Amino acid sequence: MGKTQLTGRNIADDSLDINQETSGVLAIAQGGTGANNAAGARSNLGVQGYDVAFRVVGKPAAGAVVAEFIAPRAFTIASALSGTQIKAGTAAAASAAFSLRKNGTEFGTATFAAAGTVPTLAAASQTSFAAGDVLRVVAPATADATLADIVFTVVGVLA
Amino acid sequence: MLVVLPDYRAPSYTPPDSANLRLWYDASQNENSSNQPASNGQAVARALNRGTLGGYFTQTDSGKRASHVASPPSLDFPASGNGFLTSPTLALSSQGVMSFVGIIDTTGSSFTDYTPPVLFSRGGSGGINATGLSFNGGKLGFTWNDASETWSWTGGVTLPSNARCAVAGVVDASGATATGTIYCVTSALVTTSASMIFPGPQPLSGSSTTWDVGHDPFQDRHYRGAISHALLYTSLLSQAQIEEIAAALL
């Protein structure tokens with residue numbers, strides 16, 4: 001990280017055009033962002049998260065669309081759904097897989113094992129959403145006998 | 001940044017005899033985000049088969065489509081074009097007993113002859129080429145037509161005009177004499193017991209069959225009115241079960 005410095009001019013008239021008179025990157029400790037671009041700034045400030053949270057109340061019907069969200073801005077969901085948290089209030093009776101889809105195409109799964117309340121998450125690669133793309137979560141095609149009351153927080157990062 | 005979506009709430013109602021509920025169209029469970037099909041062939045609503053996703057009802061032809069009704073969630077069938085839904089293929093060969101149940105709104109309907117307000121099939125392979133409820137002479141009854149073109153319509157219930165109601169047909173063609181009953185349920189129950197349909201035993205479905213909601217493919221006959229639910233059972237529902245469904249879904 002470079003130092004931030006005035007570029008050789010005095011502040012004789014009590015005014016400073018910071019766009020003209022500074023260079024480099026201003027550290028967070030000095031009130032800056034520690035970055036020279038938006039993505040880097042968001043990351044340094046810890047505000048890059050773009051999480052989507054929802055609940056399933058009761059037992060989801062077979063193949064039900066339990067969540068649907070149209071992206072108003074670009075974001076990405078990490079491979080393996082890293083960071084995403086899902087937990088059921090009542091465990092599954094048998095293996096039950098939720099499908100996470102982008103514009104109708106599956107990109108990840110959350111699979112509850114029999115007697116499990118926390119699913120195994122899978123996504124082969126990072127998935128990028130642009131504004132207008134649709135994130136959809138679909139319940140298992142066969143309704144599980146017991147799986148119910150599930151909370152989801154799908155973790156994304158602003159692009 | 002955290003985006004919180006509304007809760008998904010599981011359907012509060014499970015119809016009776018779920019083991020024999022082979023096809024269920026529920027307009028409140030439409031798949032398309034806008035609750036209307038955006039293009040031919042696109043999924044319109046989930047087709048539940050014994051509680052399992054059996055595929056999706058689709059609209060496959062060009063023409064005027066059924067429009068979405070907000071409350072209660074329904075599709076308003078326009079009596080023309082592709083204003084109907086087609087189920088995934090079902091293998092129900094040699095079924096001699098069936099029950100049909102529909103939750104419909106007759107607003108705008110003139111009960112045109114041969115138009116089906118619930119589910120109707122032209123059979124596919126397997127020896128049967130028509131099964132379903134349809135109108136005749138302004139009344140709702142049951143149509144059956146075997147591969148040898150032995151056609152018949154029987155039953156007969158007059159539905160209320162401009163009203164939401166449950167209609168049902170229960171048909172038993174497993175014995176030597178086929179029998180059936182047609183129901184219409186509103187605030188007061190109307191029932192007719194059909195006499196003999198035709199000699200049995202007979203199948204009521206082909207071995208590879210799709211079912212249309214609000215449409216008979218023969219001569220492109222279309223129902224006019226709204227349909228919110230259509231259920232097909234391979235069993236004989238009792239009057240109490242039909243009344244239960246009506247009470248829950250009307």
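Good morning. The largest nonpolar core of this predicted model has 43 residues, and the residues with the most contacts inside it are B:Tyr25, B:Leu119, B:Phe142, B:Leu159, B:Trp211, B:Val213 and B:Leu232. By a nonpolar core I mean a set of buried Ala, Val, Leu, Ile, Met, Phe, Trp, Tyr and Cys residues joined through side-chain atoms within 4.5 Å. Buried stands for under 20% relative accessible area, exposed for over 50%, and partly exposed for values in between, with a 1.4 Å probe and protein chains only.

Consider B:Leu119. Leaving out residues up to four places away in sequence, B:Leu119 touches B:Leu23, B:Phe100, B:Thr131, B:Gly132, B:Leu133, B:Trp211, B:Asp212, B:Val213, B:Ala230, B:Leu231 and B:Leu232, where contact requires heavy atoms within 4.5 Å. Another core, of 36 residues, lies apart from the largest one; among its members are A:Phe54, A:Ile86, A:Ala92 and B:Tyr8.

Residues are numbered from 1 along each chain as its sequence is written, and chains are lettered from A and ligands numbered from 1 in the order in which they are written. As this is a predicted model, local features need pLDDT of at least 70, side-chain atom pairs count only at pLDDT 80 or more, and totals for chains, interfaces and linings use all residues, while side-chain values use heavy atoms, with hydrogens and water left out.

I turn to the charged pairs. How many salt bridges does a search of the whole structure find? Over all chains, there are seven, a salt bridge being a side-chain nitrogen of Lys or Arg within 4 Å of a carboxyl oxygen of Asp or Glu.

One of them joins B:Asp76 and B:Arg224, at 2.8 Å from N to O. B:Asp76 lies in strand β7 (residues 74–78) of chain B and B:Arg224 in strand β20 (residues 224–233) of chain B, so the pair ties together parts that are 148 residues apart in sequence. Strands here are DSSP runs of E, at least two residues long, numbered from the N terminus. Both partners are partly exposed: B:Asp76 has 23% relative accessibility, and B:Arg224 has 29%.

B:Arg122 and B:Asp216 also meet in a salt bridge, again with 2.8 Å from N to O. This pair links distant parts of the chain, 94 residues apart: B:Arg122 is in the loop between β10 (119–121) and β11 (128–136) of chain B, and B:Asp216 is in strand β18 (residues 215–216) of chain B. Is B:Asp216 buried or exposed? B:Asp216 is buried, at 1% relative accessible area, whereas B:Arg122 is partly exposed, at 24%.

Finally, the two chains meet. The contact takes 26 residues from chain A and 20 residues from chain B. About 1900 Å² is buried between chain A and chain B, and carbon and sulfur atoms give 54% of that area; buried area is the accessible area (1.4 Å probe) that two parts lose on being put together, summed over both.

Between chain A and chain B there is one salt bridge. The side chains of B:Asp7 and A:Arg55 meet in a salt bridge with an N to O distance of 2.5 Å. B:Asp7 also forms a salt bridge with B:Arg9, with the closest N and O atoms 3.6 Å apart. B:Asp7 is partly exposed at 30% relative accessibility, and B:Arg9 is exposed at 54%. Thank you.

Technical notes
Helices (H or I, at least four residues) and strands (E, at least two) are DSSP runs, numbered from the N terminus.
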